[in-house]
Amino acid sequence: MVKSINFYYLWVSEFIQFLKDLISICRNNDAAGLHIEVLLGSIEESINKLELLLSREQGSDLTKEIAALDERRDKALVTLVTLTKGFTTHFEEARSLAAEKISTVIDKYGSSIYNLNYQAETTILSNLVRDLESDAEAEVAVNTLELKPVVDEIKTTNTQFNEKYLARVDEMSEMPGENTVELRKTAISQYRGLVGLLEGYMMAYGPDKYLVLVNKLNELIDKYNETITSRRGKGEAEAEEEGAI
């Protein structure tokens with residue numbers, strides 16, 4: 001059986017490279033003889049289009065602004081995490097307890113928020129700020145440690161980031177042809193079709209002919225799953241989205 005991978009946690013560039021690696025492995029293991037070349041061609045066509053759109057996005061002025069705001073919100077988050085951690089060992093009990101309260105809120109979302117993809121990080125930072133502002137004890141803790149300017153910075157830059165991100169979505173939607181979201185969904189569907197075909201062949205004709213290829217694909221999937229695990233960190237909730245297969 002082919003192992004599962006959650007594409008939601010892969011950046012678009014990683015998603016493209018994963019499918020490129022997959023196509024290369026399949027073609028180096030007699031794709032034509034295994035009767036999967038046609039599907040590989042369809043996947044290749046989708047990722048070529050996706051790569052073209054990605055290059056257009058990278059050329060957008062909004063992309064540079066988005067990258068700058070992403071870096072700024074990441075720095076604000078690191079500042080919050082670092083200062084909070086430092087205060088947990090403060091000699092004043094009120095401050096150490098306040099730091100522990102804030103740490104509990106942050107830890108709920110994992111240790112590598114800034115490594116998530118753009119959309120996931122935006123959502124989690126919004127939720128983090130909401131928790132720090134709506135929970136009475138957390139709000140007191142933030143004020144006790146005088147960290148409100150840092151929380152405000154996260155909130156402001158995250159909001160600005162989302163506005164620029166949506167503006168770029170609008171900009172890209174005005175270009176002729178398919179958009180990145182549609183192409184990604186199409187490529188995921190084609191990948192699922194390939195996996196289903198391979199597993200169907202294995203059930204119908206026995207696993208021996210396909211075992212070498214499946215093992216190599218599973219090695220590839222393990223490699224990308226390690227990237228996902230490292231990025232998400234411990235304790236984050238499983239995502240429910242169309243890319244989990």
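Tutor: Start with the layout: read from the N terminus, the chain's elements go α-α-α-α-α-α-α-α-α. That makes nine helices and zero strands, where helices (H or I, at least four residues) and strands (E, at least two) are DSSP runs numbered from the N terminus. Keep in mind that this is a predicted model, in which local features need pLDDT of at least 70 and side-chain atom pairs count only at pLDDT 80 or more, while totals for chains, interfaces and linings use all residues. Residues are numbered from 1 along each chain as its sequence is written, and side-chain values use heavy atoms, with hydrogens and water left out.

Now the rings. The structure holds eleven aromatic pairs; rings of Phe, Tyr and Trp (its six-membered ring) pair if their centres lie within 6.5 Å, and planes under 30 degrees apart count as stacked, over 60 as edge-to-face and the rest as tilted. One of these pairs joins tyrosine 8 and tyrosine 9, edge-to-face with 5.1 Å between centres and 85 degrees between planes.

Phenylalanine 161 and tyrosine 165 are both buried. Phenylalanine 161 also has a charged neighbour, as arginine 73 lies over the face of its ring, 3.7 Å from the centre. The rule is that NZ of Lys or CZ of Arg must be within 6 Å of the ring centre and within 35 degrees of the ring normal.

Elsewhere, Phe7, Phe15, Phe18, Tyr191 and Tyr224 form one aromatic cluster. Phe15 and Phe18 are among the buried residues of H1, a helix covering residues 12-27. Phenylalanine 15 has a charge over its ring too: the end of arginine 184 sits 4.7 Å from the ring centre. That arginine lies in helix H8 and is itself buried, with a relative accessible area of 14%. Leaving out residues up to four places away in sequence, arginine 184 touches Phe7, Tyr8, Leu10, Trp11, Val12 and Phe15, a contact being heavy atoms within 4.5 Å. So tyrosine 8, from the edge-to-face pair, turns up again beside arginine 184.

Finally, step back to the core. The largest nonpolar core has 65 residues, and Phe18 and Tyr191 are among those with the most contacts inside it. Such a core is a set of buried Ala, Val, Leu, Ile, Met, Phe, Trp, Tyr and Cys residues joined through side-chain atoms within 4.5 Å. Its largest share, nine residues, comes from helix H8 (residues 180-205). Across the whole chain, buried residues make up 42% of the 245 residues.

Definitions and conventions
Buried < 20%, exposed > 50% of the residue type's maximum accessible area, 1.4 Å probe, protein only. Expected span 1.5 Å × (residues − 1).
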